[in-house]
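I opened the notebook again today and went through this model piece by piece. Here is what I looked up, in the order I looked it up.

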Amino acid sequence: MQFARAAWRFLVAIKDGMVLIAMLLFFAALYALLSSQPNSAAIRDGALLLDLNGVIVEEPAAPTFEDFLASSAGNSPREYRLRDVVHAIDATVGDDRVKAIVLDLSSFAGGGQTSLTDVGAALDRARKAGKPIYAFASFYSDDSYQLAAHATDIWLDPMGGIIFAGPGGNRLYYKGLIDRLGVTANIYRVGTYKSAVEPYMRADQSPAAREASQALYGVLWDSWLAEVKKIRPQAVIKPFADDPATFIKTAGGNLAKVAMEQKLVDKLGDKTAFDRFVAEQVGIDETPSPDSFNSIDYDDFVAANPVDRNGSAIGVLTVAGEIVGGKTGPGMAASGRIAEQIYKALDEDEIKALVVRIDSPGGSAFASEEIRLALLEAKKKKLPIVVSMGDVAASGGYWVATAGDHIFAEPDTITGSIGVFAVLPSFEKALAKWGVTADGVQTTPLSGEPNFVGGFSADLDTILQAGVENSYGDFVKLVAKARGKTPAQVDTIGQGRVWDGGTARQLGLIDGFGGIKDALAEAAKRAGLAEGDYHPQYLDPESKFSWLPFDGIPFVRQESAPVTGVIGWATQRQKAIFGQALATAQGLLAREDVQALCLECGASVPRNNKASADWFDRLLAYSFSSVPR
């Protein structure tokens, strides 16, 4: 007994210690966050430093507790909001304190091609206004070079280099592994080109998917080459990209030498030499080191240049990330949260029109429809709705776009993918190898379905496929009505086929080329507002504790997703049955005495089975196709 008490006190002490450590980490992260808030009054003469340590996105994800712990250590990559980067660069044009713009791209992880084109256009505007732009990286690849190409001078570390890979590449196919494990991937889809399910049913890419990918990536690569060649005509880009091995071998493996010889960069020098060069142009900052230059912090500069609030308000709603149900995000396009933002804006009755900025590969059909229906409420109030597509507006993203009165996209926007699918696994072959089988009594053809042990019944297969086909029919009808086409015409350009923006315009899926500024101008025109007499009012998600990293803390309750259709019903049932079976097996192994327990009764008693593992949730996830593969 004394030993048990001592062990208990020891465990309690460990628990208390862990709680204390967690609290210390939390307040350390909180202190780091509060001490790093932007200071708009700190702007001085110098170079605006865009030290892009991370990726450029349409909408940064909500930070988790782990993110704040990592950021407090000072080594965490971040997500930069596209509109903030563009606005900051444009704000340098009329600011005499900004003597130059510095792009430090050594840790840049990239962004969508359309997004980088927008940033490049802003750099061109600043350069045209007399702001020199200096770029540095220890190594350049496609995305970082797409930005660096707009610089006045491109610097490269002598030990670095440049490689152009172009879009495309391989993806993993799991059919062989699935067969070896004895797992059955029950696939339900509509669309010849809906390739998201192919990894579960094939060992290689289908001819249809290959055709679509070659067409799409060919357009994106040609567009990238044209953009870079236009601003750096002296650079030998395509020959180097087409045959890099020969160029590099000829130079004895010296990639920096190749970059200089092919006029891809202007100067070779390490970071210290680059900083010293910039200091000669904009002034020396003696505080960090004699070689440092006077720099203007990006976050401070963004804070010092808020968006103009003159004129009438045009609401800008962002639908970014995978479309899911519930109220999570940002970073995920949660339909409940986005619908609330729309209804709140309508209740306040301030906005005169609405621009919907979409950068999403799609997601849940039900969630996509929830967002579309909320947008229709805005239409009932006679608000013009203009859609602005970013890098991707496909599948569920295009479903949402059908609510627009006018749709803008860029030539490199990825859109279309009008098709649906669902994948649910069963394990009858795998379990049979271990002697686990299934048998029981049914009162209807669907009793005990979906049967992950015995395999799905023919009735269930018929029902699930019919549900998917019905969703596809709804999708086609929505597009047909919105775009003035017949369902047969939409079906021809649908079938899950993904299109670039240029082809999408020819097919009538969009109305014209343009970015967010063009969408705002079109919305203002439709609302009867004078040119320049309006401003964007971003309908960003609100947070009562925007400075607290609540997301990701274990004790914060997460909202469960509602059942939204026959696929959702099957998914929830399968998880429940799996969890119940696992819990029963664990319980029987854990009990050590005679049991008075009704095993059959468990099938009729609702339970919250924690035994259902995270991997099973991910495996059962269903959505529209994501970025084309």
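**Entry 1: Gln495 and its contacts**

I began with Gln495 in this predicted model. Leaving aside residues up to four places away in sequence, I found Gln495 touching Gly191, Thr192, Tyr193, Lys194, Ile418 and Tyr472. I then checked where Gln495 sits, and found it in the loop between α19 (487-493) and β19 (498-500). Is Gln495 buried or exposed? Its relative accessibility is 18%, and the limit for buried is under 20%, so Gln495 counts as buried.

**Entry 2: Thr486**

Next I looked at Thr486, which lies in the loop between α18 (458-483) and α19. Thr486 has a relative accessible area of 40%, so I noted it as partly exposed. I also checked Thr486 against Val476, ten residues apart along the chain, and read 8.9 Å between their C-alpha atoms.

**Entry 3: the whole protein**

I stepped back for some totals. I counted 23 helices and 21 strands in the secondary structure. The protein has 629 residues, and 46% of them count as buried. For contacts between residues at least 6 apart in sequence, I noted that 77% join residues at least 24 apart.

**Entry 4: strand β11**

How many of the nine residues of β11 (residues 312-320) are buried? I found nine of the nine, so this strand is largely enclosed by the rest of the structure. I recalled that side chains in a regular strand alternate between the two faces of the sheet. In β11, Ser312, Ile314, Val316, Thr318 and Ala320 point one way. Ala313, Gly315, Leu317 and Val319 point the other way, and both sets are buried.

I then followed the pairing of β11. Strand β21 (residues 534-538) runs parallel to β11 and is joined to it by five bridges; here I saw Gly315 opposite Gln537 of β21. Strand β14 (residues 351-360) also pairs with β11 in the parallel sense, over eight bridges. In that pairing, Ala320 stands opposite Asp359 of β14.

**Entry 5: helix α21**

I moved on to α21 (residues 516-526), where I found Ala519, Leu520, Glu522, Ala523 and Ala524 buried. What covers these buried residues? The cover includes β11, β14, β15 (385-394), β16 (406-409) and β21. After α21 comes Gly528, and I noted its positive phi, near 75 degrees.

**Entry 6: two helix pairs**

For packed helices, I looked up the angle between the axes and the distance between the axes.

I took α14 (residues 335-348) and α15 (residues 365-380) to begin with: their axes are 9 Å apart, at an angle of about 5 degrees. That makes α14 roughly parallel to α15. On the α14 side I listed Ser335, Gly336, Ile338, Ala339, Ile342, Tyr343 and Leu346. They meet Ala367, Glu370, Ile371, Ala374, Leu375, Glu377 and Ala378 of α15. Sorted by kind, the residues of this contact of α14 with α15 come to ten nonpolar, two polar and two charged.

Then I took α4 (residues 113-128) and α8 (residues 207-231), which pack at about 15 degrees with axes 12 Å apart. This makes α4 roughly parallel to α8, and the crossing of α4 past α8 is left-handed. Gln113, Thr117 and Asp124 of α4 meet Leu220, Ser223, Trp224, Glu227 and Ile231 of α8. I sorted the residues of this contact of α4 with α8 into three nonpolar, three polar and two charged.

**Entry 7: a three-stranded sheet**

My last stop was an open sheet of three strands, in the order β3-β2-β5 with parallel pairing. Which strands stand at the edges? They are β3 (78-81) and β5 (108-111), each with a single partner strand, so one side of each is left without a neighbour in the sheet. Ignoring direction, I noted that neighbouring strands of this sheet are turned by 25 degrees against each other on average.

Between β2 (residues 54-57) and β3, which run parallel, I counted four bridges. Gly54 has Arg78 of β3 as its bridge partner. Helix α3 (residues 82-91) packs on the sheet and touches β2 and β3. The direction of α3 makes about 60 degrees with that of β3.

Technical notes. Residues numbered from 1 in each chain as written. Predicted model: local features only at pLDDT ≥ 70, side-chain atom pairs only at ≥ 80, totals over all residues. Heavy atoms only, no water. Helix = DSSP H or I, 4+ residues; strand = E, 2+ residues; numbered from the N terminus. Buried < 20%, exposed > 50% of the residue type's maximum accessible area, 1.4 Å probe, protein only. Contact = heavy atoms within 4.5 Å. Axes fitted to C-alpha atoms, helices over the stretch in contact; angles between N-to-C directions. Parallel < 35°, antiparallel > 145°, perpendicular 65-115°, else oblique. Left-handed = near helix turned anticlockwise from the far one by under 90°. Nonpolar A, V, L, I, M, F, W, Y, C, P; charged D, E, K, R; others polar. Pairing = 2+ DSSP bridges.
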